[in-house]
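Let's take a walk through this structure, one piece at a time. Keep the 3D view open as you read.

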Amino acid sequence: MTSLVVKNELNASCRHLMNVIMADDKDVLRDVWFGRIPACFTLSPEETTEREAEPYYLLLPRVSYLTLVTDKVKKHFLRVMKAEDSTEMWFEYEGTPLKWHYPIGVLFDLHASNTALPWNVTVHFKNFPEHDLLHCTSNSVIEAHFMSCIKEADALKHKGQVINDMQKKDHKQLWMGLQNDKFDQFWAMNRKLMEYPTDEGGFRYIPFRMYQTMGERPFIQKLFRPVSPEGHTLTLGDLLKELFPAAICAEDEPKRFQVMIHGIEPLLETPIQWLSEHLSHPDNFLHISIIPAPSD
Amino acid sequence: MPSSLLWAVDVYGRVYSLSTAGQQWEHCRDAHLEFKRVTAVQQCCWSIACDHNIYLYVHASEVPIRYQEETYENQRWNPVDGFSDRLLPSDRWQWSDITGLKHQPLGDFQLPSENWEWEADWYIDENFGGEPTEKGGWTYAIDFPATYTKDKKWNSCVRRRRWIRYRRYKAQDTWVKIPSEQTESLPDPFNDITCGGWEITEEPRGCLALWAVSLQGKVWFRCDINHHNPEGSVWEEVPVPGEVVQISCGPGDLVWAVLWEGHLLVREGVGRDCLKGSSWVTVESPSPGVGVVHVAVGVNVVWAVTKDHKVWFRRGVNSHNPCGSGWIGMVGEMVMINVGLSDQVWAIGFEDRAVYFRQGVTASELSGKAWKVVSVPRDSERSHSSASASSLQSAGCFFGGEVRLQSQASMLSDADAETERAGGEVVPTPEIGDAPKPRIPKVTSDSFISELVSDREGQISRCDVPPAGPSIPEEDHPEKELEDRASPAQVLSPSQSGGVDPQWSNVDLEEAQTHLTSGPGGDAAETSSLSSVATYNLALEEPYGLDEPPKWAWVSGGGCLVECHTQLNWFNSSTSTALNSSMQAMSLSITPAQTAAWRKQIFEQLSERSKREMENFMHYEQAIEQSVWVKKGTMQWWRDWKPHKWVDVQFALEQFSGVEGNKDGILFIYYTFNDEKKYLHMFINEVTILVPVLNDSKHTFAIYTAERTKQRWPMRLAAATELEMHDWLALLSVSCCDSRGIQGPPSKQAIWSVTCKGDIFVSEPTKELEASPYPTPCAQISLGVVWGIGYDHTAWVHTGGYGGGFFQGLASSTDNIYTQTDVKSVYIYENQRWNPVTGYTNRGLPTDRYMWSNASGLKECTKNNTKPPSPNWTWVSDWTIDYAVPGGTDREGWQYAADFPASYHGNKTLKDFVRRRRWARKCKLTTTGPWQEVPPIPLSDITILPCGPKSTVEQVSLWAISNKGDILCRLGVTSLTPGSSSNYGSSWLHVGTDQPFKSISIGAVHQVWAIAKDGSAFYRGSVSAQNPAGDCWYHIPSPTGQKLKQVSVGRTSVYTVDENGNLWYRHGVTPSYPQGSSWEHISNNVRKVSVGPLDQVWVIADKVQGSHSLSCGTVCRRLGVLPMEPKGHSWDYGIGGGWDHITVRGNAMEAPRIVMPSLTDNQTATRPLQTSNQPEMNGNPVGC
């Protein structure tokens, strides 16, 4: 009995203190992890159905992958489809096939930011666009993709030493954390991937990918250190200057591009190392979407 | 990490210091002096001035340097006069030292130098071995020399009393001249000086070795420099087999010198008893034709510079092999080199005369990685002027890059003067080797002046010891020159810059400058430089190009502590792009507000985003169903029932979302019993405390619930590896916090810990526990103000953050987490037995203890198999003999005894057959936690006035004892905002005492009690909020025959613990007579006591009856303590085993809630005490 009373008191006092204390860097990790995009899935009119398909509404985790979280969507639409058409499901937004191997948040920022919510995604079963999309027959394909990203990122950050030192079950913990949306489970392991020697001021290279809607290449990825040879902390601005100077506009110019990470536009003076530690996706890459600024 | 200073001398003889926390060279102003050499240690700096005298600069400390002079007054009884000063002819003098062999009248005591002053007049010491004497302080004996007692007996024929007087070193924070006695007889001025050797002896003695070289190449050693005698006494010549030009002495026993011919001398035989060493050995120069001109040594390193400016690193140097094994050539061209604390290396570049820091020097990589130029502006010119120093300083920081840019330009331009370029054009120089020279831009528009500079540089480096010249009161040159150079345009049109000399005048000025540096005209130069700066500031309204390129002649890092986690702001110089420079300006002047700009923006945008994307859609289905998460592992479990043993179990934690959205969890332990699979479970929300238990063979931890605490039987588990254990602990503690919805720092009172029906359980289970898994053997809290002390006596104040340690990245805050370090020693014993044939050998009897063992002798501890207390600690030194063992040692550190185990003594007698000596090895912990260091005084005890929760307190009384036994009172500690800088206080106030102290406690209404090292108790009179330091000490007689150890004062109760483990209660303490009347014995076997603000009494007791055997370090609480019954009636036993410190002083709530922060803090650290009792831990039944 006593313990219960005490507990409640503790909670009260904690809540109070939490309000007093400034937002913390760790809260960013939670915000990033728990980012959700409301989506409305509609079956493509090209699909032949036995009866009319209702749209399906879902909150999609920004950090996850489309094919990983749409089992429910598939089930929903298969109910109205003929059994023989139940081939691989794929998604399209305003004519663009959505690459499942990009995180959901990146797809959204790249193609649909500045549009009205929810995000209207069209579901297809026929005519798989072999040129645009990779096949995703099972979750193990996603897992393989996810793990290879993490390994690549760690190769950039620590020459792969951290991820290689982990055991199989640790790798599994990372994956299961993402798959089951378990923040603690994931970060208990992921924090090791985010460590770096204090005297070096950051990772060896920052694992990042820079996406454009119009570009001929799917994304830009280069070696970029968080600290300059002279020992200065490099920033998002420095990165853009080197890789996409057009995104930096002079003060008097109208803004031509938006630089989006997780649906927000960090200031250009944000240190790239901090971004890598806090705004990376679970695959340990910093996914930066560069989209034309809305004209209005 | 307190800031420390790097010292340097520029080519004009001006001394500057640069703080590790600072961003500019501070001119060490002393009106008339220019210096040739400085050698710094942490507490002081020695130097040779241009007048060839040696000067000392002692840093001011809040604890003064005091020395107690004593003399004895002796009297003999005769029937006529009674006791009188008429002694027998065979007797000692009427005034003598303690032995009676030396005549010492009061008037013969002189101050050793004019830098000392008397604190007060002579007075009589009325404290005799911890007991107060009668007025007059006489002690009696039958005859000289004999045993003295404080009581006069019928046969007392002689008596004596002790007079004491303190002298205090007054010359602090100023350069004082050390009288050089031998220069009168021998006009041979000093040429080089080096200071070191502080690691050879233990801290309280504080001995320093100071070596000097004279112009004729002789070597001198300064005797008797120690903590009480900062100046030392006399110079002693040390014979050398040649002419020495330079010498270097490390913190340990390394001393190397450079001979005129370019070879090196290494001193051998330097040790604890002989700081001076015994003999020299010669080491050849690294390259045959080119001699060494400079050498620098550290603890385990030797660096040298040869005549061709090459830098060399000596391989394989250590205490056992001071000569090392070979030379390695290093990159970079230097003129001199210096090794500082933790073997960090500083040098002065040959080309640019800039100070370089060797980056990446660690214990494992002593040679470091690369040279990095230290480029920070100097304060001197600007802060001389009347313009606001602070604004200029910030301007200097802001435009550091630009300043550098121009200064570099002029220095290098002579190299390729023919390449004329427009001013301001930037060309990076190629990098040389692996030494990352900063990108130095060249501005060659003004090559004329640049050549002048290079000429002058040559001149100055040639005249290392400038001859005395006439002083020419001419304007200080550098600023002038700078004006010209600052903007090339202005040279062409001098009308723009008022007061700028035409260019040709530089030639004259150049001459003047050369004389200036050599003569004692610095004063005039300085005043005129002031005026010139003023002109400059008015004339040129341009913030750039303020500074003369700093050219350095000498650097000393002996007082400068740089470690791998130290953040230095010294290297932010030349920038290559405009964007960078503006960015850098940002990072240079980092303030919380500025860094917050981008962070704040991200926080805001993220919450905006969440709102935008989720607020209206919360009714949507979640894509991923919340499921149960299970983490499984294999562990060993200490079976709850007999026969107790470790059994292999499957361990699983299931986490799920609880009803209120809180996460909750269940722990499962699956085991097999009689071939039947069974399991046991525990709800995470019932877990009260998680304790890592250090055990030699297993990585174990214990999980308590309220119920299990009551039964004194925690769930004990062992993980396969240390790492696994930490992972589990971190995870479990996060789950515990999650299940209680706790996220954030501990609150003022409630969170630290709580009791339930008299049993302790920490309701905030592991927050503190995991957060700071190390220091605070001593911590006191009051109204949210929490201070702690580490093993290395460093004081820490709780910042109000949470997490840190191996919590990193999981659930810790980043705002109030600081790097914390702690150092402690691990001891092992070398045991030997005597036999008639070979004497003492390491061959014991078969029944003997291990020849290398722990203190008890029961466990084998060799140098190789002994590990640091936990993987978080790493070794930072080698094994060394420990001479500071209770009981004393002989010269080799041995203690002798008749047999193991017995009482050991420091000298060999005929009855001794065994001997042992203690070896110590330092280990260091570097972690992070919500604690901030309070430099610079090391503390051994601390107390804070406990206050009730309702009282609004402006000023919190905080008293402490330094590791040397000085009593200190902290000023300016307030509790206005818990965990803020106000908890930190402002300064220490030294409270004078006649003897060193060891324990202190402050109770309600400012009752201050303290225990001296001799075991006597003192009460401080007249302490109040207005007079925080009180006025005088009252000596309180100890309980008969007992030496007190620790004191704790509550609201009205005063409790002490003596060295034999007795707990005493002070009777008769009333507001009108706070000293009380007598001691009453309460209990025995008490190790430590803590009395709360409501007079709650908690102790750590030993030998508490357990189910199997006696348990040590059990936390007990006094029952039945009532306002009218302050002593209580019986003990209630709490969590048993291994506790070392407790404080209940923060808890002003009515029972049953008790706060004991340090309990949770330091249990991991103290647990090793317990090894032998581990299995019985908490096996103690209630009510014994």
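Two strands count as paired here if DSSP finds at least two bridges between them. Keep in mind, too, that this is a predicted model.

With that definition in hand, look at strand S27 (residues 310–315) of chain B and strand S28 (residues 326–339) of chain B: they pair in the antiparallel sense, over six bridges.

Now move back along chain B to a sheet. In what order do its four strands come? The order is S17-S18-S19-S20, in an open sheet with antiparallel pairing. At the edges are strand S17 (190–196) and strand S20 (235–238) of chain B, each pairing on one side only. From one strand to the next, the twist averages 25 degrees. Inside that order, strand S18 (residues 208–214) and strand S19 (residues 219–225) of chain B are joined antiparallel over five bridges, and Leu210(B) has Arg222(B) in S19(B) as its bridge partner.

As for annotation, UniProt (in an unreviewed entry) places the feature "domain: Peroxin/Ferlin" at residues 64–125, 137–170, 821–882 and 893–926 of chain B. Pick out residues 137–170 of chain B and you'll find 0% helix and 44% strand, with the end C-alpha atoms 30 Å apart.

Over in chain A, the thing to look at is a pair of helices. The axes of helix H7 (residues 168–179) and helix H8 (residues 183–193) of chain A come within 8 Å and cross at roughly 125 degrees. An angle between 115 and 145 degrees is neither roughly perpendicular nor roughly antiparallel, so H7(A) and H8(A) are oblique to each other. Their crossing is left-handed. On the H7(A) side, the contact is made by Asp170(A), Gln173(A), Leu174(A), Met176(A), Gly177(A) and Leu178(A); H8(A) brings Gln185(A), Phe186(A), Ala188(A), Met189(A), Asn190(A) and Leu193(A). Sorted by class, the contact between H7(A) and H8(A) has seven nonpolar, four polar and one charged residues.

Methods:
Residues are numbered from 1 along each chain as its sequence is written. Chains are lettered from A and ligands numbered from 1 in the order in which they are written. This is a predicted model: local features need pLDDT of at least 70, side-chain atom pairs count only at pLDDT 80 or more; totals for chains, interfaces and linings use all residues. Side-chain values use heavy atoms; hydrogens and water are left out. UniProt positions are given in the numbering used here, feature names are shortened, and annotations may be inferred rather than shown by experiment. Helices (H or I, at least four residues) and strands (E, at least two) are DSSP runs, numbered from the N terminus. Axes are lines fitted to C-alpha atoms, for helices over the stretch in contact, and angles run from 0 to 180 degrees between N-to-C directions. Angles under 35 degrees count as roughly parallel, over 145 as roughly antiparallel, 65 to 115 as roughly perpendicular and the rest as oblique. A crossing is left-handed if the near helix is turned anticlockwise from the far one by less than a right angle, and right-handed if clockwise. Contact means heavy atoms within 4.5 Å. Ala, Val, Leu, Ile, Met, Phe, Trp, Tyr, Cys and Pro count as nonpolar, Asp, Glu, Lys and Arg as charged, and the others, Gly among them, as polar.
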